[in-house]
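Work through these exercises with the sequence and the model side by side. Try each task before reading its solution.

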Amino acid sequence: TRRLQNRATSMELHNRINRKTIMEKTVEEMYLDWFNNFLSTEKFREYYNLSMAEAENVIDQGRKINQKQ
C-alpha cells in the first residue's frame, strides 16, 4: 500500500509539473503570436477573447518566460 501511495504522489507531482510546463508553453506561444502578428493589444485581446487585464498579463508573463531561455 505504501508503494502505491508513493507512486500516486510521484504521478501527481509529475502531472502538476506537466501542467505548469504546458501552461508556460501556451502563454509563451500567445506572447510570440502577439509580438509577431498583432499591431495592437486590443486586437490581440479580441482575438483570444480576453479582458485587457488578462491580455496584458499573458503578454507580461509570456515575455518573462521567453526571455528566460
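Helices (H or I, at least four residues) and strands (E, at least two) are DSSP runs, numbered from the N terminus. This is a predicted model, where local features need pLDDT of at least 70, side-chain atom pairs count only at pLDDT 80 or more, and totals for chains, interfaces and linings use all residues. Residues are numbered from 1 along each chain as its sequence is written, and side-chain values use heavy atoms, with hydrogens and water left out.

**Exercise 1. List the elements of the protein in order from the N terminus.**

Solution. Start with the count: the protein has 3 helices and 0 strands. Then read along the chain. The order is α-α-α.

**Exercise 2. Find the residues of the largest nonpolar core.**

Solution. Begin with the terms. Buried means under 20% relative accessible area, exposed over 50%, and partly exposed in between (1.4 Å probe, protein chains only). A nonpolar core joins buried Ala, Val, Leu, Ile, Met, Phe, Trp, Tyr and Cys residues through side-chain atoms within 4.5 Å. Of the 69 residues of the protein, 20% are buried. The largest core holds 11 residues: Val 27, Met 30, Tyr 31, Trp 34, Phe 38, Phe 44, Leu 50, Ala 55, Val 58, Ile 59 and Ile 65. Two or more of these residues come from each of α1 (2-37) and α3 (52-68).

Now zoom in on one member. Leave out residues up to four places away in sequence, and Val 27 touches Val 58, Gln 61, Gly 62 and Ile 65. Contact here means heavy atoms within 4.5 Å.

**Exercise 3. Which residues of α3 are buried, and which are exposed on the other side?**

Solution. First, pick out the buried ones: Ala 55, Val 58, Ile 59, Gly 62 and Ile 65. They lie on the same side of α3, because they cover an arc of only 135° around the axis. That arc is taken from the directions from the helix axis to the C-beta atoms. An α-helix has 3.6 residues a turn, so residues three or four places apart point the same way. Next, turn to the other side of α3. Ala 53, Lys 64, Gln 67 and Lys 68 are exposed there.

**Exercise 4. Is Gln 67 buried or exposed?**

Solution. Locate the residue: Gln 67 sits in helix α3. Then check its relative accessibility. The value is 59%, so Gln 67 counts as exposed. Finally, look across to Glu 28. Gln 67 and Glu 28 are 39 residues apart in sequence, and their C-alpha atoms are 9.8 Å apart in space.
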